[in-house]
Amino acid sequence: ILITSNSSNDSDTSFKKNKKRKIKNHIIKKSIFDLSTSNSSSSSDESSSSLTVKNHKGIRQLSNDYSFDEDSDNSKSSHDHNILMKGRKNIRKLIIQNELSESTQNAMKEEELRKNRIQKRQKLYNDICDITTPLETEFCTKLVLDFDDKTNEELIAVHPDLVKFLKPHQMKGITFLWNSVFESLSRIKEHKGNGSILAHCMGLGKTLQIITLIHTLFRYSETGIKTVLIITPNATIENWCKEFNKWLHGIDEKKNFFVLNLAESKTYESRKNIIDEWRREHGVLITSYELYRSVVNYKYIDKFPSILEGLVDPGPDLVICDEGHVIKNHVTTVSKAVNRIKTLRRIVLTGTPLQNNLKEYYCMVDFIRPNLLGSLKDFTNRFINPITNGQYSDSTPLDVELMKGRSHVLHKMLEGFVQRFDYNVLTPFLPPKHEYVIYLKLADKQIELYQKYLDSYRQPELFTNYNMLQIVWTHPKLLELYAERTKSKREKQKYKDISYNESYSNSTEEVENRHIPVPISVLDSTITKKPNTYLKWWKPYVTKIDLESVYPYSKFIMMFSILQECEKIGDKVLLFSQSLFTLDLIQRFLENAEDRTYDKGGPYGKSWKLGADFYRIDGSVNIKEREDYCEQFNDINNSRLRLLLLSTKAFNLGINLVGANRVIIFDVTWNPSLNVQSIFRVFRFGQTKPCYIYRFISEGTMEQKIYERQISKLSLAFRIIDEHQIDRHFNAKCQEELYEFEPNTTKSKSLNLPKKDRLMAELMLRHEDLVMNILEHDSLLQNNEAEELDEDGRNAAWENYEKENDSTEVSIKQSLLPIFCRSESD
């Protein structure tokens, strides 16, 4: 009998680590958990939606070859304003199979054999039990991971008190992890295991899936699993501990296990004691990436051999890397430290497996399945170049055909150990989500300043220009704040460049900036005019009224209008910005709203009180305070607290804010995953209201082009991860296009009012002079079925790929991985 559960899944209540804050360590020993369920439900983190890029006016793609994104090789901008167009990638003749390294060939053959074994066992189990896969909205009462094919005896099964809380996609996820990492009890005895990537989008309960898997492994001693290491961002450590307690407390089990927090130890002696206890008593050890890097690279670590034995060689029995995109670059110290682990049973959790480019994706795959994709040079030649060449509107037909074929081959190669579910699996359980991109008109003063800067004050470094132009398209007041704070910092101290290189090259998205994202000495060195003169370039063109008024700056007018209307209907709001300067100005305007009652465009309502009407959370707010603020905000009885001002970078991972159902993304980031993660703070298990997302974009500016580039990145991700085909409406232009300034060019003759959002429709009528265009974000990112390869095309892609590799032995076609799931009636 398939039964339906009314339980809803919670989410990870965790926060992004403030990188400048030192880890506070306390020696606290965790108690044994008596393992049980709770009436609340799953936790997790991430997401993204299925995609197609429509031919909407004004949307063009910028070259993927230039990026501000983390680990980009292009952070060094050209000193010449006129940058040459980059040509297509040079694809050499593909290397043949016997030219691949022996380790790569062996890894490919092993993966093919594993898939065949799984397929045969699944068919056998289905024949024995005579079962069919349940409907996506139905629930099973039993989840069997392994069985004896001779006696039909169930060997490994999930505890029924956990099964009752699992959604169908979570059952598939747990079964996928077992099959891809362990396979079977017999296989465990003769093989060291494999790795896998659980790439479920944010909000789908990845944490619950991992906890369920770990509980099952410890429940059966035959698995041989005694030590599990979880490496996670610092901000989510406490949430992992809470989730273990939440789901496992009270389960009636004779066998218990420890959950220990390494971050609660301060000295290496106490860390040694915790690790010794973990290895002796068996259980789960939780640590952060930074702490793990620091511990294993400690210069006197040889004095604590048991630490290295527990963490590195031979290491734990199972390693789980939460937010695994942290290790997407082989050259970072964190990635190097994690890659030292000898354990082969590795699980990576990420809602955004492909954030920027295929090289990052390669690093994650190579971590969980070493050698399978060959060297980065081989992978670039076999996949990156052909896939990149075929993504543009000006790609040749041959480029497009090859891109589709290689995307299909790569997707199928990885499908056996990369499982992806997007937010569509939430639709049976959650209210609808509506996401709008709102193109807002610049004020005349902003247009004047923007053009003046481009004509007379533009600098050689794109990074420097981006910071200044972002200030202009947001509000001129930020020019004054930027100059004042820069001057103040110069007077107090001269920045040292010791830790600068990594943070600067990691780009704007990696630095939680106040538009002073780099040391002052470095900033000065990129400015061709005298620094003091440069910082005051805007003064001749603005008045005091320009600086102090909300009107006529469209982002702030729309923000106040949304907040006022939401207050009337009882909806709470999250507002995300990547700039602390912008949050400063928003806070100032909110706290003094009554003083602007008679401003043009007003009234702006009553003044807001920090701590009562709204909270602000950025990197300076500690973990305990954040948890307290979020708990208050999610309290349905606290109707006065109706707004959270949030730093995009410091507050985007693993956090549950379902008390809100409207999100304002005040500015666009270079990394689309950050904006996506912001959205899924509200659209996740536990949400009871329809969700509305508003992305503010300053029309005609570099911000619009950044958003268009986000669509390009998401398109790449969905081609490979979800095998969707996205329309190619962009061409491969150089970074110079970023500087094209085209204000007041996207105004539609008649704006289509959003039919499913009455609040926004009314605001568009009220502010028709400010709104240039409005689009549905998801309409830009839909799968174009007409572009998909048919069965003949898929077969041809494989034949061409294998022919070019001169390989008849390796066929890495992937069959689906159904779950071992049966009902009581079976």
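**Thr 216 and beyond**

Reply: Thr 216 is in contact with Leu 145, Ile 156, Ala 157 and Val 158, leaving aside its neighbours within four places in sequence. The model is predicted. Thr 216 sits in helix α5, which covers residues 206-219. Its relative accessibility is 1%. Buried means under 20%, so Thr 216 counts as buried.

Next, helix α3. This helix runs over residues 168-182 and holds 15 residues. At 1.5 Å a residue, it should span 21 Å. Its end C-alpha atoms are 21 Å apart, which agrees. Of its 15 residues, 15 are buried, so α3 is largely enclosed by the rest of the structure. Just after α3 comes Glu 183, with a positive phi of about 80°.

Now the nonpolar cores. The largest has 101 residues. Ile 214, Phe 244, Val 284, Tyr 292, Leu 311 and Val 338 touch the most other members. Helix α11, residues 358-368, gives the most to this core: eight residues.

Last, a loop residue. His 325 is found between β8 (318-321) and α10 (333-339). Its relative accessibility is 10%, and the cut-off for buried is under 20%, so His 325 also counts as buried. His 325 and Glu 360 are 35 residues apart in sequence. In space, their C-alpha atoms are 8.0 Å apart.

How values were computed. Residues are numbered from 1 along each chain as its sequence is written. This is a predicted model: local features need pLDDT of at least 70, side-chain atom pairs count only at pLDDT 80 or more; totals for chains, interfaces and linings use all residues. Side-chain values use heavy atoms; hydrogens and water are left out. Helices (H or I, at least four residues) and strands (E, at least two) are DSSP runs, numbered from the N terminus. Buried means under 20% relative accessible area, exposed over 50%, partly exposed in between (1.4 Å probe, protein chains only). Contact means heavy atoms within 4.5 Å. The expected span of a helix is 1.5 Å times one less than its number of residues. A nonpolar core is a set of buried Ala, Val, Leu, Ile, Met, Phe, Trp, Tyr and Cys residues joined through side-chain atoms within 4.5 Å.
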